[in-house]
Amino acid sequence: MARGTVVALIALLFLGNALNYVDRQVLALLKPTLEAEFGWSDADYAHLGSSFQIAAAGALLAVGWFVDRLGVRMAYGIAVVVWSAAGMAHALAMTVQQFVAARIVLAVGESVSTPAGLKAAAIYMPPRQRNIAIGLINTAPNIGAILTPLLIPPLALAFGWKAAFVLTGALGFVWLIGWFFGTRNLAPIGNIPERAPVKWSVLLSDRRSWTVVGAKAFTDCVWWFVLFWMPDFFSRQFAMAQGDLGGPIALIFAMAALGAISSGALYPLLLGRGFSVNAARKTSMLFFALVVLAMPLALSAQSPWIAALLIGCGLFAHQGFSTNIFGMTADIVPGVRVASVVALGAVAGNLSGTAIIELAGWSLDNGHGYWPMFAICGSAYLAALLFIHLMQPKLELAQN
């Protein structure tokens, strides 16, 4: 495949993943406005988040099959149409139930993004390029999460909250034009088929599948907690107005982007220094698991910027660790099964995300504050690495 086609693919996957997180983050940034207009409690807000997580988890059970059978190009295009329309539909919602309905459809569409992106990297790129590409693609959510808090609050204040949903949803339809023309010449490397049936019995009997599922369950809850609750955390902890939240939130996700970029380079660097696949991957993961230990210190920070730096260290570590999970998946799982295994892992991550979102709503409504969730965040990655090592004492490249 021509270099220009590879570059176009990476750019489009990057932009698609960024838009994915722009659309899902708008609700969190508008929480103070919507809470005041509709009289939501913390539990109501938590239920909106958990409905998204549960819907995504349910959809992901079929997403692997959907992507593996239709191929990346068609599956991703359909998904963006669905989630962009659902994002715009939030502007029509007037009750909690209507917001829930819009969130559910949004979740179903957005659930395709990561499995499709990882399958694209696995079948269209050789292993050494693949890890760099995964790192870049995994940076995209952070770029979306950086830009969204800087742009959405001022936009909502100037034109109303409905305009924020309409504009962000419409961007997906612009992306579709580039996707249609930019992916016409894609061709898989080697003999990996673009479309093939994957048997559940094969997926569920393979320890490699469960390694990915467990790693995602341990760690994804941290991402969902930060994405969904951090605007509220800064509002409560530092009495910040909605218009002032953009800076600290953007700093957090800028550090997350650095984590994704650096992790994409760290693994091949260690390979180049003579580390085995197993040692390079697990050493990279250990580094990021130790960095995240700084995150719970944000609870005692006296400044929102210090708190943002500490939470940013947590997301730096999360994205670094997450990129290594994705890279590990693309390495150890046969290419034809990658989308299905990533989808199963995302199901586990969405369910653990649901649990921590609901825990936060309960904890805040009952006067316990944010400490239980930060304690979980600090310990999640060392637990995940231990689980990976127990399941796969020696990581080895799959024979496709």
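I began with the salt bridges and found eleven of them in the structure. The model is a predicted one.

**Lys31 and Asp42.** I looked up this pair and got a salt bridge between the two side chains, 3.5 Å from N to O.

**Asp206 and Arg208.** I found a salt bridge joining these side chains, at 2.7 Å from N to O. Are the two partners buried or partly exposed? Asp206 has 13% relative accessibility and therefore counts as buried, because the limit for buried is under 20%. Arg208 has a relative accessible area of 22% and is therefore partly exposed.

**Asp331 and Arg281.** I recorded a salt bridge here as well, its closest N and O atoms lying 2.8 Å apart. Where do the two residues sit? I placed Asp331 in helix α13 (residues 304-332) and Arg281 in helix α12 (residues 277-291). The pair therefore ties together parts that are 50 residues apart in sequence. On accessibility, I have both Asp331 and Arg281 down as buried.

Methods
Residues numbered from 1 in each chain as written. Predicted model: local features only at pLDDT ≥ 70, side-chain atom pairs only at ≥ 80, totals over all residues. Heavy atoms only, no water. Salt bridge = Lys/Arg side-chain N within 4 Å of Asp/Glu carboxyl O. Buried < 20%, exposed > 50% of the residue type's maximum accessible area, 1.4 Å probe, protein only. Helix = DSSP H or I, 4+ residues; strand = E, 2+ residues; numbered from the N terminus.
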